[in-house]
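Hi there,

Here is the model I promised to pass on. Have a look at it first, and my notes follow below.

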Amino acid sequence: MKKNDDILMKDINYLSKAEPGLSKKIIEEISYSKSEPNWMRELRLKALEYFIQRPNPNFGVDISTLDLDSIVNYVRPNSKRERSWEDVPEEIRENFEKLGIPEAERKSLAGVGAQYDSEMVYHNMKEFLSKLGVIFLDMDSAIKQYPDLVKKYFMHLIPPNDHKFAALHGAVWSGGTFVYVPENVNVPLPIQSYYLMGSPGMGQFEHTLIVVDKGAHFEFIEGCSGQNYSISNLHAGAVEIYVEEGATIKFSTIENWAKNTYNLNTKRASIDKDGTIIWISGTMGSAKTMLYPSSILKGKGARAEYTTIAYAGQGQHLDTGTKVFHLAPYTSSKVDSRSISFGGGYSFYRGLVKVSESAIHSKSSVDCSALMVDDISKSDTLPIIEVMNNESDIAHEAYVGRINEDQIYYLMSRGLTEDDARALIVRGFLDPFIKQMPFEYAVEFNRLIDMHFNSKIG
Amino acid sequence: MKMFVRVEPETKTFESFEDYTMEDLKFLDDYENRKENFLKYTVLDFPKWKRLEFSEFKKVPIEKYDGEFFDGDASVLVKSVEGLKDRRFADLLSKEFNGIHPKFTLMASTFFNTGFSALISNSGKIKATYDLDKNNVIIENSAVKLEANTDATIIRSIHGHGTMSVSASKFILEPGSKLKIFNVMIAPKTPLSTSSTVYFLDDDSELEVYDVIFGGQKTAIDQTVNLNGRGAKATLKAVYLSRGKERIDLRYALNHFAPGTYGRIFANGVLMDEAYSVFRGNIEIKKEASNSDSEEKSFVLNLSKKSRADSIPGLFVDNSTVTAKHGASVGNIDEDKLYYLMSRGLDERSAIKLIVSGFFNPFIEKISQDNVELKGEIEDALSIRI
């Protein structure tokens, strides 16, 4: 994960690029060019109707400066989906290689997907996994090869009329990943997908659909980047995760969109009996973000765990949070959410824990803490708790505060400069998250902190 | 530097078929002085409250308040209808503020039929008791000003079974003054009970608020403290019990505008039957409020399968040299505690009663001995309800 500014994108030949803005015609063209089945085309057109009807969200970041009519909703790079990295066109390959992507695959991943603008350009998975019945495909291929399976799940958790940007996503979604892990299969290494936005003024709307069948174990990593342009880009992806009985998924995201990006993303998981979801989520990029990964704990004993950070620097307003719906007995959730705002950045934690009447003996603990490093930044928290039975234990704690001067003083007395001391404390604060990240991301993340705090160590 | 805008949902409103008009003013004293407020009142719609299920306003005639309602010692202590003619109170009595909603705070400053105005120049003690049994509609508008380096204790209570109580009270604490105030509401059968209070705290002033709430059927309470002066200090403590189908929405807000200010919110609630409570604690620390310290804690003891508790604590911090915390929890009685008490010979009911009393007793103890009647009333309300 390199700094966005370091990446100078190579110019790409585009095969097809939609007109800016939205119309029935554009959507029909997208659907036609992908030779989609009827039901998908109809879903897109229905979603367009919802999009037109729905108002902007009445909370979160100010998106009045986002001109949806000037966003190019579909940009297809001149490349087919390749299974061999060498076959991906050189210019695109170079852009990804600058992010260190193909090396990672060789080392420690079970599979890799890469999306450039609106389409997947590369998808590959280790052979032994396909023998176990694991499906890892780009979304377009999945619709063709497993139509029934995809239709059964696609936009059921996030219906297109959920909110305005879910509707937009439903209308113009393109690319993304489909994963199916069969019963009792334990995928020993993570699969990773990368999303890169290379064109100015475009929207990226990838759809990720993951089904982890009974008793299976799976880890997925998502990395997002883009080049900085002077005009706005929009990312409105969707992630739907189905965790069946006794299954476990760890879903990690490192979001480092360019600072001109509006990231209005929706992620939702349903967790069945004794299933577990572990969300690891880092938001450091984008100009404005609204993202609240949700867990619907619908089966007895289902669990959700979150470790999230938001890292808001100059020019960034990050409105992020977590939502947990306890709908069955003995469900549990644990949230550790941390944020840092600096250089005039604004981070807002917005949380919801809802415990239904039937979710007796449920437990939830939410911890959110915010570290303020200077006087021009802002940090808010607003966690909502709604409890509808009397046999649950629900607790929330939050803390907003500064770096403890005593700690700085102590570290300086041990020979560190003040900048080094601050960077060290910031890293310590974010440690629970950094620990969970893949190694190469963790290294890059530490560098990012050092850079922001002018530290030379690390 | 460019500031970011936080987008927030607007309060939904509804246009009521029934509302008070100029005609309703005619039954009240000092018609002329209320007219200006009425013009502001009449253009506003009523708020639509989802959690409180308030979406309809039934107009009930406002009559002159029957009976005496206050006594005590203060340099000036008059009915607010007198205060309206007094330069020292007139502006404060008509001061606009949000409270639970401007429609209700303006309703109070326009249509009030009760309320007191007080000026504290050295030391004061005021007791105000409002009787809903005798007065079907109580609309209170009160204003209190504590001059520099004075102190006062105020006990406000509202009791009985009426149709509606609406209250708007404003307090000014000048530098170095101290106010201790008790607000007791025992009006469980009253369909709509609302109260909005705002405090303006100058340098080094100190505020202690104790709220004991047994609500109405629908209760909305807002206590907002503006810590405007350096070193100002506010502690808000609330305890409430709701049962039956009662709904209660409480909002406590600390706004830190000055350096070195201190704020605390502590709230404990008990829910029974199908009661529904919403607790909102809001801490805003503005950029100017360096080295401030603020904390909020809320707990709801949920005794029934069918009750519902929402907590919405908010921290909004613009300054990096502060400490701001909140903690909110919802749970049942600790099994160990219950087991221990039962092992000492108490039956379950008595044990629960003892634990719940534990929330209320510190409040009752704080009320001074010359209010035996009120203390007894709170104790009775508690024992009837459990």
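Between domain 1 of chain B and domain 2 of chain B, the count is one salt bridge (a side-chain nitrogen of Lys or Arg within 4 Å of a carboxyl oxygen of Asp or Glu). That bridge pairs Glu246(B) with Arg385(B), with 2.6 Å between the closest N and O atoms.

Before going on, some housekeeping: this is a predicted model, where local features need pLDDT of at least 70, side-chain atom pairs count only at pLDDT 80 or more, and totals for chains, interfaces and linings use all residues. Residues are numbered from 1 along each chain as its sequence is written, chains are lettered from A and ligands numbered from 1 in the order in which they are written, and side-chain values use heavy atoms, leaving out hydrogens and water.

As for the domains, domain 1 of chain B covers 13-332 and domain 2 covers 336-386, with bounds from an automatic or database domain assignment. Their centres, taken over C-alpha atoms, are 26 Å apart.

Now the interface. In contact (heavy atoms within 4.5 Å) are 28 residues of domain 1 of chain B and 17 residues of domain 2 of chain B. Together the two domains bury about 2,000 Å², 75% of it on carbon and sulfur atoms; buried area here is the accessible area (1.4 Å probe) that two parts lose on being put together, summed over both.
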